[in-house]
Amino acid sequence: RSRRPSAERAAPLAMESLLQLLRPLFAPAFTLWGSPASWLELIALVLSLAMVALNMRVNPLGWPLAIVSSLLYFLVFWDSRLYGEASLQIFFAIVALWGWWQWLRGTMDDGARLRVRSLPRHAAFACLAALALAWPALALFLRHYTDSDVPWFDAFPTAGSLVGQWLLGRKYIENWLAWLGVNLVSVGLFAFKGLWLTVLLYALFVLLSVIGWRAWRRLAVQP
């Protein structure tokens with residue numbers, strides 16, 4: 001007698017159906033270092049670069065680009081079994097809505113309009129503590145509940161990005177240092193997975209993180 005799929009199987013089956021529906025977008029746009037780069041990955045790359053450029057200029061239009069590029073990368077990473085990175089993209093898309101609102105209407109503790117500023121020391125320690133807790137928690141989850149072959153490698157940029165996204169939404173300069181660490185680890189992760197176009201993107205992100213940090217430091221000292 002046939003049995004209905006359990007709730008645990010429903011989500012993976014739905015994702016598989018979605019990936020099959022969008023399979024034409026996974027067709028190779030070109031080959032880089034012997035590995036095909038899909039049209040989906042290429043579109044996500046262009047949108048991501050535009051997003052970072054707008055973030056560096058503290059332009060809130062970067063947030064809607066973040067939403068679209070995150071959803072595209074969710075598909076790319078899920079198809080490559082990088083479930084931590086894939087799940088992170090959904091988080092990015094949701095938090096981008098919050099960040100967009102923060103940059104348009106957000107205020108600081110004194111009620112003043114949100115501006116670029118440095119992170120207080122106590123908040124920096126809190127961010128490091130959050131990273132120290134989130135990394136092993138995510139790694140153990142990926143190890144026991146997914147078929148990820150790099151749970152610890154996958155979990156670190158995921159955990160670091162949670163911190164970085166909050167710092168970015170609140171316009172703290174240190175968000176760029178968080179992204180610098182995330183991007184360095186991500187270069188190795190995506191190279192291991194053969195996502196060479198994304199490797200180039202994150203290598204460029206490393207450079208842009210340094211440029212963004214320097215640019216925001218100058219903005220923070222302006223009256």
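Which residues does Phe-190 touch, not counting residues up to four places away in sequence? In this predicted model, the partners are Phe-77, Leu-82, Glu-85, Leu-195, Thr-198, Val-199 and Tyr-202. Contact here means heavy atoms within 4.5 Å. Because the model is predicted, local features need pLDDT of at least 70 and side-chain atom pairs count only at pLDDT 80 or more, whereas totals for chains, interfaces and linings use all residues. Residues are numbered from 1 along each chain as its sequence is written, and side-chain values use heavy atoms, with hydrogens and water left out.

Phe-190 belongs to the largest nonpolar core, which has 45 residues. A nonpolar core is a set of buried Ala, Val, Leu, Ile, Met, Phe, Trp, Tyr and Cys residues joined through side-chain atoms within 4.5 Å. Buried means under 20% relative accessible area, exposed means over 50%, and partly exposed lies in between (1.4 Å probe, protein chains only). Val-52, Tyr-73, Phe-77, Leu-82, Trp-103, Phe-190 and Trp-216 have the most contacts inside this core. Two or more residues come from each of H2, H3, helix H4 (83–105), H7 and H8. The largest share, nine residues, is that of H3. Another core lies apart from it and has seven residues, among them Leu-119, Ala-123, Cys-127 and Ala-178. Helices are DSSP runs of H or I with at least four residues, strands are runs of E with at least two, and both are numbered from the N terminus.

Thr-198 is found in helix H8 (residues 196–221). Its relative accessible area is 0%, so Thr-198 is buried. Thr-198 touches Glu-41, Tyr-73, Phe-77 and Phe-190, leaving aside residues up to four places away in sequence. Ser-70 is placed in helix H3. With a relative accessible area of 4%, Ser-70 is also buried.

Helix H5 spans residues 121–145. H5 has 25 residues and reaches 36 Å from its first C-alpha to its last, close to the 36 Å expected at 1.5 Å a residue. The expected span is 1.5 Å times one less than the number of residues in the helix. Ala-123, Cys-127, Ala-134, Ala-139 and Leu-142 of H5 are buried. The buried residues of H5 pack against H4 and H6. Leu-133, in H5, is instead exposed, at 64% relative accessible area. The C-alpha atoms of Leu-133 and Gly-212 are separated by 27 Å, and the two residues are 79 apart along the chain.

H6 has 19 residues and reaches 27 Å between its first and last C-alpha, close to the 27 Å expected at 1.5 Å a residue. Because 14 of the 19 residues of H6 are buried, this helix is largely enclosed by the rest of the structure. H6 is followed by Lys-171, whose phi is positive, near 60°. Lys-171 lies in the loop between helix H6 (151–169) and helix H7 (175–193). Lys-171 is buried, since its relative accessible area is 8%. Val-58 also has a positive phi, near 55°, in a residue other than glycine. Val-58 sits in the loop between H2 and helix H3 (62–79). Most residues other than glycine have a negative phi.

The count of salt bridges comes to one. A salt bridge is a side-chain nitrogen of Lys or Arg within 4 Å of a carboxyl oxygen of Asp or Glu. The side chains of Lys-193 and Asp-149 form it, at 2.8 Å from N to O. This pair links distant parts of the chain, 44 residues apart, with Lys-193 in helix H7 and Asp-149 in the loop between H5 and H6. Asp-149 is partly exposed, with a relative accessible area of 39%.

Ile-43 lies in helix H2 (residues 39–56). At 40% relative accessibility, Ile-43 counts as partly exposed.
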